[in-house]
Amino acid sequence: MSNRELFIAFWTIVVREIRRFTRIWGQTLLPPVITMTLYFIIFGNLIGSRIGEMGGFGYMEYIVPGLIMMSVITNSYSNVVSSFYSTKFQRHIEELLVSPTPNWVILLGYVIGGSVRGLLVGLIVTVLSLFFTDLSVHNIWVIGSVVFLTAILFSLGGFINAIYADSFDHVSIVPTFVLTPLTYLGGVFYSISLLPEFWQGVSQLNPILYMVNTFRYGILGVSDIHIGFAYSMIIGAIVILFSYSMYLLNTGKGIRH
Amino acid sequence: MTTALAINDLRKVYNNGFEALKGISFEVQEGDFFALLGPNGAGKSTTLGIVSSLVNKTSGSVEVFGHDLDRSPAMVKRELGVVPQEFNFNQFEKVQDIVTTQAGYYGIPAAEAKERAEFYLQKLGLWDKRDQTSRMLSGGMKRRLMIARALVHEPRLLILDEPTAGVDIELRRSMWEFLQELNEEGTTIILTTHYLEEAESLCRNIAIIDHGTIVKNTSIRSLLQQLNTETFILDIAPPQEQLPALDGYRAELQGDHTLLVDVEKSQGLNSVFSQLSGAGIEVTSMRNKSNRLEELFVSLVDKNLQEKK
């Protein structure tokens, strides 16, 4: 395929993904708005006012970057895992497999589609947070790059989950039992400096901690971890997951007999 | 003449150890209307699945219009349109979106994709349904939608896996007409079907596959010539309670006024008429039984089974 044709194929997948999650906006865009509003009201306003400062900032100000990242992570992941799995389940993955669209374009299309939903929900939550607190911008480039890379990374994670999934139960196992605990323990609601030394060390094994802290650094200028190290970890993870997804697609795991 | 599809020593062993294809080889020439027949589980869908890149082959080669599936998969896919046995489109997408999205996967720009979608949806009688979600369509409409989708990139080889399964007679006939028209315009067509009447009416050449091997690969005409016996259906009057005596022929009475008579190639029909006339029975009309191919198919598959035993 020529470069133009490759781009048309890629864009077709992205548009179809966007059309899918906007068509079912009640399941994709509305729930994070309600959940995050509750977080802002309960944790930020009601409980947060009694907690006082965290990392030198008001509690509400401290948790907003973490909540935005939480939305980006869960929405990027769940978009790709549910979309690609239902593509497999309804067998319309065959539409792509019989076409000349190369595997890397298929992967890129789904990943960007998932990232668009993650970023859109992130933007909605950001706008929502402005009703509860003022947001400062410490470094716009860090904010933009880390949120984009995180969306890519978790879209790739969702893709691999979808390839291995054999039922709708498998689609929800990782988000429920892995992603949610890691996000809650990834420094969204607290600074890891509050933890005993042992648990600080354990927390540093949690990849989400690096993303949340880098994003928080972009907004507030404070972080529990080294930003350069966080970037290398995120980019390294993207390279590994992308290569693994390509391996799965090329061997036809879960999609070809 | 160009070869549209060349399959050579194709083998497929599934992960559970089941050997679905045991080294089959056959060719389909450009412009042909070709039938791939076989009982359930014979290997038809596996063969078509490998050609259309939905199933990984174990060994062997597949070439479509000279492009090797291993070396130039994208070129092979460009030449192919695939209509699968089961519905495999997004049930929640609109009819028109399904067709234009498929065009996009082939790199066709949006404006052109829209024009082509309109053309094929009009042609298949689905244009009025273009804004409906596909799950709202009837079974026959869904099959036609899959044909429109398979044609949107204008392939030279169209593969249909049981295209008329579960379709009513009227619609089946109109689909036959559409496919014949498409074939006359130059598209090579390969179909699998359980309706042997369909293969007999539409196809020029045929391969019969059974237990993963090709048991016959020839033209329909020469295949039918192999039939030694033809069955004729005679409507008779007055009604008969017992089978009339027909010396030298195998006959069967269906109801009280229909007689089925097997006539071998060496025999004529004159003796049938004279014997019936002598018994005071008039033949009011006569036709031959249309499932000739079915008889041959059953005999070939049975023979293959006996040899395996």
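Biologist: Which helices do the buried residues of α3(A) pack against?

Modeller: In this predicted model, the buried residues of α3(A) are A:Pro32, A:Met36, A:Tyr39, A:Phe40, A:Gly44 and A:Gly48. These residues pack against two helices of chain A, namely α4 (59–89) and α6 (103–129).

Biologist: At which residue does α3(A) bend, and how far apart are its end C-alpha atoms?

Modeller: Helix α3 of chain A covers residues 30–51, and its 22 residues, at 1.5 Å a residue, should span 32 Å. The helix bends by about 25 degrees, and the bend lies at A:Gly44, a residue that is also listed among the buried ones of α3(A).

Biologist: Which residue just after α3(A) takes a positive phi?

Modeller: The phi in question is about 90 degrees, and the residue that takes it, just after the helix, is A:Gly52.

Biologist: Turning to chain B, where on helix α4(B) do its buried residues fall?

Modeller: The buried residues of α4(B) are B:Ala113, B:Arg116, B:Ala117, B:Tyr120 and B:Leu121. Seen down the helix axis, they fall within an arc of 130 degrees, so what they line is one face of the helix.

Biologist: Which exposed residues does the face of α4(B) turned away from its buried side carry, and what covers the buried residues?

Modeller: The face turned away from the buried side carries the exposed residues B:Ala111 and B:Glu112. As for the buried residues of α4(B), what covers them includes two helices of chain B, α3 (95–105) and α5 (139–151).

Biologist: What span should the 14 residues of α4(B) have?

Modeller: Helix α4 of chain B runs over residues 110–123, and its end C-alpha atoms are 20 Å apart. This agrees with the span that follows from 1.5 Å a residue, which is 20 Å.

Biologist: Which strands stand at the edges of the open sheet in chain B?

Modeller: Four strands form this sheet, in the order β12-β13-β11-β14, and their pairing is antiparallel. Two of them have a single partner strand each, so one side of each is left without a neighbour in the sheet, and these edge strands are β12 (250–254) and β14 (282–288). Neighbouring strands are turned against each other, direction ignored, by an average of 25 degrees.

Biologist: How many bridges join β11(B) to β14(B), and which residue is the bridge partner of B:Ile236?

Modeller: Strand β11 of chain B, residues 229–237, runs antiparallel to β14(B), and the number of bridges joining them is six. For B:Ile236, the bridge partner in β14(B) is B:Val283.

Terms used. Residues numbered from 1 in each chain as written. Chains lettered and ligands numbered in written order. Predicted model: local features only at pLDDT ≥ 70, side-chain atom pairs only at ≥ 80, totals over all residues. Pairing = 2+ DSSP bridges. Axes fitted to C-alpha atoms, helices over the stretch in contact; angles between N-to-C directions. Expected span 1.5 Å × (residues − 1). Buried ≥ 20, exposed ≤ 12 C-beta atoms within 10 Å, placed from the backbone. Arc of directions from axis to C-beta. Contact = placed C-beta atoms within 7 Å. Bend = angle between axes of the 7 residues up to and from the residue.
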